[in-house]
Amino acid sequence: MDNIILIFLCLAIGFGLQFLKSFPKNGYVALNHFVIYISLPALALYYIPKIEISSKLLFPIGVAWIGFGLSFLFFYSLGKWLGWSKKLMGCLIITGGLGNTSFVGFPVIEALYGQDGLQTAIIVDQPGSFVVLATLGIIVASVFSKGEVDSKLIIKKILFFPPFISFVVACLLNIFKLDFPEMMQSVFYKVGGTVSTIALVSVGLQLKIDKKSQHWNFLALGLFFKLMLTPLFFLILYKFIFKGEGLVVDVSIMESAMAPMITGAILASTYGLKPKLSSMMIGIGIPLSFLTLAFWYWILSLV
């Protein structure tokens, strides 16, 4: 219960800081960079060397890759049929296909499933969400904004993306059955523990609702796809088709139900893919997701 309280408290603090004149308006940028460059790599270096490699890892890894493909098929097909602009399609593909598996996902999963659940969440996030963002996300953003792919940019983004670098190092340690000295493990654990608080304060700083926006219908469709259709798809696929059971499967489905990824929305906005809609997907999607996540947690307790 204390973790749930922490989630809403940090969101409230972040939201309140928006109205504090002495606090930088773009303060969330620094917080996001700290999480990406410091906290997330520390988590990967602490947890991944300890993970037991098995076929069950396919469930969490598949969430991001299959989910993004599903989003592309859904919004591209619907957009072609209804005559949407390429920028609108690109915005919804990215924000609907990438989940907030770390900034919101880590504290929620830790609150619901503990440290064991967090290990699975890291697998969803590291080789999943962030790698998809740095590859398929950039390809979609480039193609739907300019109609071309900058292959050099894609390779550079992948190779120099801090969480990806730490993920590769951690995977090598896992393969060779190695780990850091206990003192360093303790440091990584404590630094990685800053993800939840800092990330959620950052989320609160970015919560904005534009009542006069012309994108409400697209917003409703995008959030319905991300918060309801996507987890329903994975529930059917993992539980009923693949007959998956246990903590790994449940955490994977819950991660598929997370709100749109903040970094994904930033990517869409940077490439000019409906910036206002992408920010609304975050601003409304994150608080709304706490209600839908409670629903899916209840559903998983029944199946």
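Helices here are DSSP runs of H or I with at least four residues, and strands are E runs of at least two, both numbered from the N terminus.

**Ground rules.** I am looking at a predicted model, where local features need pLDDT of at least 70, side-chain atom pairs count only at pLDDT 80 or more, and totals for chains, interfaces and linings use all residues. I count residues from 1 along each chain as its sequence is written, and side-chain values use heavy atoms, with hydrogens and water left out.

**Overall build.** I found 13 helices and zero strands. The C-alpha trace spans about 55 × 55 × 45 Å along its principal axes. I then looked up burial (buried is under 20% relative accessible area, exposed over 50%, partly exposed in between, with a 1.4 Å probe and protein chains only). Buried residues are 53% of the 303.

**Helix H12.** I went to residues 262-270, where Ile262, Thr263, Gly264, Ala265, Leu267 and Ala268 are buried. What covers them includes H2 (27-47), H4 (86-97), H5 (105-146), H9 (195-205) and H13 (275-302). Just after H12, I noted that glycine 272 has a positive phi of about 75 degrees.

**Largest pocket.** I needed the term first: on a 1 Å grid over the protein atoms alone, a pocket is an open set of points where a 1.4 Å probe fits, with protein on both sides within 12 Å along at least five of seven lines, and lining residues have an atom within 4 Å of a point. Here 20 residues form the lining, and His33, Ile36, Lys157, Phe161 and Thr263 lie nearest the centre. H2, H5, H6 (151-159) and H12 each give two or more residues to this lining. H2 gives the largest share, six residues.

**Valine 104.** Which loop holds valine 104? I found valine 104 between H4 and H5. Valine 104 counts as buried because its relative accessibility is 0%. Its contacts (heavy atoms within 4.5 Å) are Leu200, Val203, Met258, Ile286 and Phe290, leaving out residues up to four places away in sequence. From valine 104 to leucine 92 I noted 12 residues in sequence and 20 Å in space, C-alpha to C-alpha.
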